[in-house]
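Me: I'm new to this one. Can you walk me through it? I'll ask as we go.

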Amino acid sequence: GNNSAPAWYPSGAALAVTLTRDGNAQLYRVDASGKGDPARLTANAGIDTEATISPDGKKLYVANGRSNSVSVIDTEKLEKITDIKVGDTPWGVFIP
């Protein structure tokens, strides 16, 4: 599958990356050491890409290109907090 758009966690211990493992481009957490299997972070019908991690490392923001939203994910619990509707076809997220 395709692998793209990595975003490093501030600690450097892991990265969030878009992988096409089950047919759709979804976001996974991958341990920087290469140990263990990637942990799936999203399960949307559209393409999830261009992740950005908050400076404190606690939240991950990911553009959902076909569902017109940005998902906010808790990086410790590895679960979605909410979806934010943002308009037509977001393909990136920027956090200053």
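Reply: Start with a term. pLDDT is the predictor's confidence in each residue, from 0 to 100. You need it here, as this is a predicted model.

Me: What does the protein chain average in pLDDT?
Reply: The average is 84. A score of at least 70 is reached by 96% of the residues.

Me: Where is confidence lowest, and where is it highest?
Reply: Strand β1, residues 3-8, is lowest, with a mean of 79. β8 is highest, at 90.

Me: And why care about low values?
Reply: Where pLDDT is low, the predicted coordinates should not be read in detail.

Me: OK, on to the fold. In what order do the four strands of the open sheet come?
Reply: The order is β5-β6-β7-β8, and the pairing is antiparallel. β5 (48-53) and β8 (79-85) are the edge strands, so to speak the ends of the row: each pairs on one side only. On average, neighbouring strands of this sheet are turned by 25° against each other, direction ignored.

Me: Take β5. How many of its six residues are buried?
Reply: Five of the six, so β5 is mostly covered, where buried means under 20% relative accessible area.

Me: How many bridges does β5 share with β6?
Reply: Four, in the antiparallel sense. Strand β6 covers residues 59-64.

Me: Pick a residue in β5 for me. Is threonine 49 buried or exposed?
Reply: Threonine 49 lies in strand β5. Threonine 49 is buried, because its relative accessible area is 7%, under the 20% cut-off.

Me: What does threonine 49 touch?
Reply: Leaving out residues up to four places away in sequence, threonine 49 touches Ser4, Ala5, Thr18, Val62, Ala63 and Trp91.

Me: How far is threonine 49 from leucine 19?
Reply: Their C-alpha atoms are separated by 9.0 Å. Along the chain, the two are 30 residues apart.

Me: Other end of the sheet now. How many bridges join β7 to β8?
Reply: Six, and the two strands run antiparallel. β7 covers residues 69-74. Valine 70 stands opposite isoleucine 84, which is in β8.

Me: What does the turn between β7 and β8 look like?
Reply: β7 and β8 form a hairpin with four residues between them. Leucine 78 sits in the turn, with a positive phi of about 55°. Leucine 78 is a residue other than glycine. Leucine 78 is partly exposed, at 32% relative accessible area.

Me: How does β2 pair with β3?
Reply: Antiparallel, over seven bridges. Alanine 16 has arginine 29 in β3 as its bridge partner. β2 and β3 form a hairpin with four residues between them. Glycine 23, in the turn, has a positive phi of about 105°.

Me: What else does arginine 29 do?
Reply: Arginine 29 lies over the face of tyrosine 9, at 5.3 Å from the ring centre.

Me: How many aromatic pairs are there?
Reply: Zero, from a search of the whole structure.

Me: Last one. Is tyrosine 28 buried or exposed?
Reply: Tyrosine 28 counts as buried, at 4% relative accessibility. Its place is in strand β3, residues 25-31.

Me: Which residues does tyrosine 28 touch?
Reply: Among them are Leu15, Ala16, Val17, Pro38 and Leu41, with residues up to four places away in sequence not counted.

Me: And how far is tyrosine 28 from lysine 59?
Reply: Their C-alpha atoms are separated by 14 Å, and they are 31 residues apart along the chain.

Key: Residues are numbered from 1 along each chain as its sequence is written. This is a predicted model: local features need pLDDT of at least 70, side-chain atom pairs count only at pLDDT 80 or more; totals for chains, interfaces and linings use all residues. Side-chain values use heavy atoms; hydrogens and water are left out. Two strands pair if DSSP finds at least two bridges between them. Axes are lines fitted to C-alpha atoms, for helices over the stretch in contact, and angles run from 0 to 180 degrees between N-to-C directions. Buried means under 20% relative accessible area, exposed over 50%, partly exposed in between (1.4 Å probe, protein chains only). Contact means heavy atoms within 4.5 Å. Rings of Phe, Tyr and Trp (its six-membered ring) pair if their centres lie within 6.5 Å; planes under 30 degrees apart count as stacked, over 60 as edge-to-face and the rest as tilted. A charge sits over a ring if NZ of Lys or CZ of Arg is within 6 Å of the ring centre and within 35 degrees of the ring normal.
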